[in-house]
Amino acid sequence: MKISLNWLKQYIPFDMPAAELADRLTMAGLEVEIVTERFEYLDTVVVGKITDIRSHPDADKLRVCTVDVGGKTLAIVCGAPNAAPGMKTPCALPGTVLPGGLAIKKSTIRGETSSGMLCSEAELELGPDRSGLKVLDNELAEGTPLNQALAISDTVFEIGLTPNRPDCLSFIGIAREIAPMVGRIGRPVTLPAITLTESSDRIENFTSVAIDAPDLCPRYAARLVTDITVAPSPFWLQDRLLSIGLKPVNNIVDITNFVMLETGQPLHAFDFDVLAENRIVVRTAKDGEPFKTLDGKERILTDDTLMICDGEKPVAVAGVMGGLNSEIENTTTRVLIESAYFNPISIRKTAKRLALNTDASHRFERGVDPEGTITALNRAAWLMAEISGGKLARGIIDEYPVPSSVSPISLSTAKTNAYLGTALSREEMAEYLASVEFKVETVDPDTLSVLRPTFRVDVSRPEDLMEEVARLWGYNNIKTTFPKISGVTNLPSQSVKLKEKIKDLMTGYGFSESISYSFMAKDACDRLNLAETDHRRNILDILNPISEELAVMRTTLIPGLLEAMRKNLSHQIKTLRLFELGKIFISNGQDRQPTETEMLAGLWTGDRQEITWHDKPETCDFFDLKGVVEDLFHHFDLSNAVFSKIDPLMCPFTRPGRTARILINDEAIGIIGEVAPDILATFNLRQPAFIFEINATRLMPLIPDTKTFTPIPKFPFTDRDITLIVDNHIQAGDILDNVRLFKENLMEDIRVLDVYSGEPIPAGKKSISLRVVYRSFMETLSDQQVNGVHQQLTNRIIEEFNATLPA
């Protein structure tokens, strides 16, 4: 919410410095995030005196002015008809950025150098006149910055409001907060005077309002202004809107925006003559009903969308945006003004579903003052009649089927002091609450009965009043206290230490940790092509989701990593290594606690390593990611981890043949593989990616608590290679596992060197090359000993797997 202090002072006069006011507001719970000087651009606009004028040699309507800007003269090309020698006028120096974004720089205009710009008052947003240069007082010194010369200043606050304070989404709301800060306790803010002059024609003779959905629209009021002239707004009104960054449109639209900002009540103006049957019907939409909003987009409505309709059709999405079919045109002569109170939850749902976040919906979905509709309506009607030359029909239509009510709240002085750690008296608390327009009565020596003002829709219980007392007394006045805790501390649990160790290792492998919401989109399981019987389809719905993309509790970490990849690729980050260690939630029914499982997932896409000048780029593959997981297991002494071939039917989102199941002690704990191309397409990804997902809840109990010491070998190792021809279906991992089961004492290690298929290997076969490492802890092995053991090992492999040796 942007607040111009010059505008604010119309409702609450004060002399407090802007910096102090910003601090006081922040400490009262209204955080001032940004403080700017609206007219800062005038620092480089100075008083200039035209000393000489000559005709432009190559343009009939341009002249070259010699301008004294204090200590130096500039040649400036100008087309203003009123430029004359001796005139003092604003001169924008090179480097100035004028309102609207025009950057002033030294340039050449048809062969003549122009070192600045002489300005009209409209170009500086100091007035409406565009006909010529702004004439300054001759007493002003040349070279003086214009904001100093004219004493022009307006500080603008940008206040970050929490959703529970909709009353402060207006200038009058902020003025109410400032009143006790500047000593106006007991004296309300200065509200604008409204002097209505009504015609003899009663509004009931022209129109009517019917509310068919009173639960969604508890109150709807309207006034009619006739014989108006749509035109640009007067400068004072345009200036008010420009001061907080709003662009003026025309006098009617500008007035609705002005009154909304002033009072916090959104308004809407309809062209009365295009309303069928000249009446308003408030109803819900028909499911699938199309409607074109003011932004020109056609929206498809649902049956819970509240609509403002005429006698035949919808003309506005209630509380969100008007329709293209009833907007104010230059030819409009009669305006129906709407001022209503809508159900906040209904407006919130509609705005989110239609992806329309407007100033009106921002206020309605947080809650406006149901008793403030008439005041705002009269204010707008009076301004429209005054500014547009219109006539105000007599009377108001005020349909109020569900009147609002405010119940008193009991506040205990003792409980308030106990909760806040204060020692305030009952009288002090009453004074603080009364200073922001709460009505307070004494019940007994300890208890106050408090009636909130209708604009404070956030206050409903004693704790809310306690918060009011705390912020009005001053949060910084509450002494800091520390809880009494035991000096005995507990060591972190083993699971916490293991999770931290996993994170450290993954970071050491070059991966960045991803921390995402514990939610995912409802269609995430469909996008991952999970089978209907997959337990990960047991999703738990969020009752009030942040968005449609975060509507259910996640049952897998993969969508979050793929979404992170998409966002990084959109920022041209093509090489990415991510991991996440977090919980998934498998539903046991909407009314029961879900099963929570700790999972570890990782993703690698792009290059194998960072590109340098002496390396050629190489794309990562399955084995790069597999190596990371293997080393992770090796660090935790999980030597019995196996990567096994997996049935294609068990690869819903990975490529068959490029996916492995991860087992430890014959227990499946995860998968690893390349993401299938069709899955990449559903996430709008255009380059290969490799992922793994491991059940960390199952993994951590398998990690040994202690490490076994092995002495450094005294004797050297020697190695031998074996190349075998085997059937294609035989996995290299199965060969390694079987060889280890041979329990050959001299064999220290065995690993795969190469796997090859194709010419000259026969069809249906492949070549697997292995390297076997031999070592004795008792002596140095001779070639004769090694060759004999190696031959026996080779023969056993050939027999076990029906293998042959290369020719």
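The model is a predicted one. In helix H10, which spans residues 413-420, four residues are buried, namely Thr413, Thr416, Asn417 and Leu420. Elsewhere, a search of the whole structure finds one cavity of 30 Å³ or more, and a cis peptide bond joins Glu759 and Pro760.

- The buried residues of H10 are Thr413, Thr416, Asn417 and Leu420, and because they cover an arc of only 95° around the axis, they sit on the same side of the helix.
- Lys415, Ala418 and Tyr419, by contrast, are exposed and lie on the other side of H10.
- The buried residues of H10 pack against three elements, which are strand S24 (409-412), helix H11 (426-434) and helix H12 (462-473).
- At the start of H10, the backbone nitrogen of Ala414 has a side-chain oxygen of Ser412 within 3.5 Å.
- After H10 comes Gly421, a residue whose phi is positive, near 75°.

**The cavity**

- The largest cavity has a volume of about 30 Å³, and the search of the whole structure finds one cavity of 30 Å³ or more.
- Its lining is made up of Gln609, Glu610, Ile611, Thr612, Asp615, Lys616, Pro617 and Glu618.
- Sorted by class, the residues lining the largest cavity comprise four charged, two polar and two nonpolar ones.

**Arg775, a buried charged residue**

- Arg775 is found in the loop that runs between strand S38 (765-774) and helix H20 (783-801).
- With a relative accessible area of 14%, Arg775 falls under the 20% cut-off and is therefore buried.
- The side chain of Arg775 makes a polar contact with the side chain of Glu748, at 2.7 Å.
- Leaving aside residues up to four places away in sequence, Arg775 touches Pro713, Phe715, Pro716, Phe717, Asn745, Leu746, Glu748 and Leu781, so that Glu748 is both a polar partner and one of the residues touched.

**Gln148 in helix H3**

- Gln148 is found in helix H3, which covers residues 146-149.
- The relative accessible area of Gln148 is 58%, which is over the 50% cut-off, so this residue is exposed.
- Gln148 and Val675 are 527 residues apart in sequence, and their C-alpha atoms are 65 Å apart in space.

**Backbone geometry**

- The peptide bond that joins Glu759 and Pro760 is cis, with omega at about 5°, and Pro760 lies in the loop between strand S37 (747-756) and S38.
- Gln572, a residue other than glycine, has a positive phi near 65°, and this residue lies in the loop between helix H15 (558-570) and strand S30 (576-586).
- Gln572 is exposed, since its relative accessible area is 58%.
- Asn802 also has a positive phi, near 50°, although it is a residue other than glycine, and Asn802 is found in the segment after H20.
- The relative accessible area of Asn802 is 58%, and this residue is therefore exposed.

Conventions
Residues numbered from 1 in each chain as written. Predicted model: local features only at pLDDT ≥ 70, side-chain atom pairs only at ≥ 80, totals over all residues. Heavy atoms only, no water. Buried < 20%, exposed > 50% of the residue type's maximum accessible area, 1.4 Å probe, protein only. Helix = DSSP H or I, 4+ residues; strand = E, 2+ residues; numbered from the N terminus. Arc of directions from axis to C-beta. Contact = heavy atoms within 4.5 Å. Polar contact = N/O pair within 3.5 Å; in protein donor to acceptor, adjacent residues only side chain to side chain. 1 Å grid on protein atoms, 1.4 Å probe; cavity = no way out; pocket = protein on both sides within 12 Å on 5 of 7 lines; lining within 4 Å. Points joined across faces, edges and corners; volume = space filled by probe spheres on them. Nonpolar A, V, L, I, M, F, W, Y, C, P; charged D, E, K, R; others polar.
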